Amino acid sequence: IAGEKLEVPQIGRRLGVSHVLEGSVQRAGDKVRITVQLIEAATDKHIWAENYDRNIEDVFAIQSEIAMAIANQLKVALTPKLQATLDERSTSNHEAYDLYLRALGQLSVWRGAAGFQDVIALLEPAVRLDPEFLQAKVALVEAYGRLYWFGDDPEGSFKAKAMAELRDIERRWPDRPEATQARGYYLYTVERDYTGALAEFQSLALRFPNDPQIAQFVAACLKRLERYREQLPAARRVVALDPESPSPLQEMVFALAYNGRGEEAIKLGADALARFPKDSSLRFYNAYFIHQVRGDRSGLIALGATAAIAEPEYAPAIARAKFLEGDVDGAVAVLKPTASTARGSQLVSILVAQSNYLRIAGRDALAQPYARRALQVARETLELGMPEPGIRAVRLAWAAAAAALTGDAASARTLQAQAMALAVSAPEQEEERADAIALADHWLGDDDAAWAIAAPLIDRPSRNTARSLLTDRAYWDAIFGESAAYRSYMANLEKTR
């Protein structure tokens, strides 16, 4: 609602609330004046107002006073437990609290790994200012874990930090709900144990049914577990709890798309983007689903001239769109900003994509430097340690693809075998491993093997690969075209078009 000139009744209807709290804060040195007024949304009637003049150190006490005053005005009976909760202070350090609030603002907009790096830059000093600041420490578990989840942690340092914070929280506050929340974050982002994480967040949702962050993780776990029918109502619940943030709307777009309601997903994405025009995630996924559902690549190609190409989450799809339009140099160039900041297997996958596009275009001499660098980075990453099987399988698979592109068939086959020997439970890791192994098979001259590993995954709603086989056919023909099974599949797919 920020930036929109809405009347109180409009705000009430939009948020689904009976009353709106309006206020302002003025600060002069160590003094603050907080002015608040409670308004009945339906009638725009002011039913209570008060000014609070305090020292800045008393700001947390003011919050409790205001909450109690509102409860009295609304004649809400508070249990002793809830009254005690209102009196709790997350921190007594206002500088730490300010940093924490700024971090929450960053978390409200999805910006991938870069966003969580910015969150860490705010939360770490907050915890240094107040080592007892439990909520900030919990948020750090998620932020550290996210960088590991994104693959932006080849040395495992962020994983170690997430584990250290979690252990500290569980040791010092074992019975607090924040310990359960931190454990859920760790299971989701580091272990990729989405079943375990779902159990933690669902237990929290029973205790805190109106917490949008908890509700959003319930929906996210269901998405990762491919329980899409359950994901849809869970995503709706998040939007109902937090209708004025872009992330819940994006989660709802995913839920609609993964339930086969692509046009609804596109419409919601467009509406959300109109409300949050600066949100890069909404902009990218709106263009992405238009491509997936309608076969229209223009939105993705237009993003090639924006900052979106610096995001590892977005750049590969933009590059593919450019390649399919015949702009091979553009496809390679779009990936360069991401390659300059990515690390580990994420960097290997980008370099492999650049080499792959050039090889398909018959420009082998230009492709080789990318492939050789990809193989070098892959080997260096593999030497860093022994992460859990899923991550190691992905690293080995991309190393195999890089080796195949360099022409080192023996190494490619060895790396493929090692990657396939590892157990992978997370769907996204299984898919990434299959993509890399299939690419290696193609450049080893075995399109039948490439199609055999890709085919079982093409009907997954989260991938939309069956549809993209038609919209992106020029690319897939280049990878699987020599496979009779692929050609037969495509013939049948064309008949049902």
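The mean pLDDT of the protein is 90, and 94% of the residues reach 70 or more. Where is confidence lowest, and where highest? Helix 3, residues 80-87, is lowest at a mean of 62, while helix 22, residues 409-420, is highest at 98. As a reminder, where pLDDT is low, predicted coordinates should not be read in detail.

Back to the strands. Strand 2, residues 31-40, pairs with strand 3, residues 45-55, in the antiparallel sense, over 10 bridges. The two form a hairpin with four residues between them, and in that turn Asp44 has a positive phi of about 65 degrees.

Now for the helices. Helix 12 (residues 246-258) and helix 13 (residues 262-275) have axes that come within 8 Å and cross at roughly 165 degrees. Because that angle is over 145, helix 12 counts as roughly antiparallel to helix 13. The crossing is left-handed. Helix 12 brings Leu249, Met252, Val253, Leu256 and Ala257 to the contact; among their partners in helix 13 are Leu268, Ala272 and Arg275. By class, the contact residues are eight nonpolar, two polar and two charged.

My last pair is helix 23 (residues 427-443) with helix 26 (residues 473-480): these axes also come within 8 Å, but cross at roughly 60 degrees, which means helix 23 is oblique to helix 26. Ala438, Leu439 and His442 of helix 23 meet Tyr475, Ala478, Ile479 and Phe480 of helix 26. This contact has six nonpolar residues, one polar and no charged.

Thanks, friends!

Technical notes
Residues numbered from 1 in each chain as written. Predicted model: local features only at pLDDT ≥ 70, side-chain atom pairs only at ≥ 80, totals over all residues. Heavy atoms only, no water. pLDDT = per-residue confidence, 0-100. Pairing = 2+ DSSP bridges. Axes fitted to C-alpha atoms, helices over the stretch in contact; angles between N-to-C directions. Parallel < 35°, antiparallel > 145°, perpendicular 65-115°, else oblique. Contact = heavy atoms within 4.5 Å. Nonpolar A, V, L, I, M, F, W, Y, C, P; charged D, E, K, R; others polar. Left-handed = near helix turned anticlockwise from the far one by under 90°.
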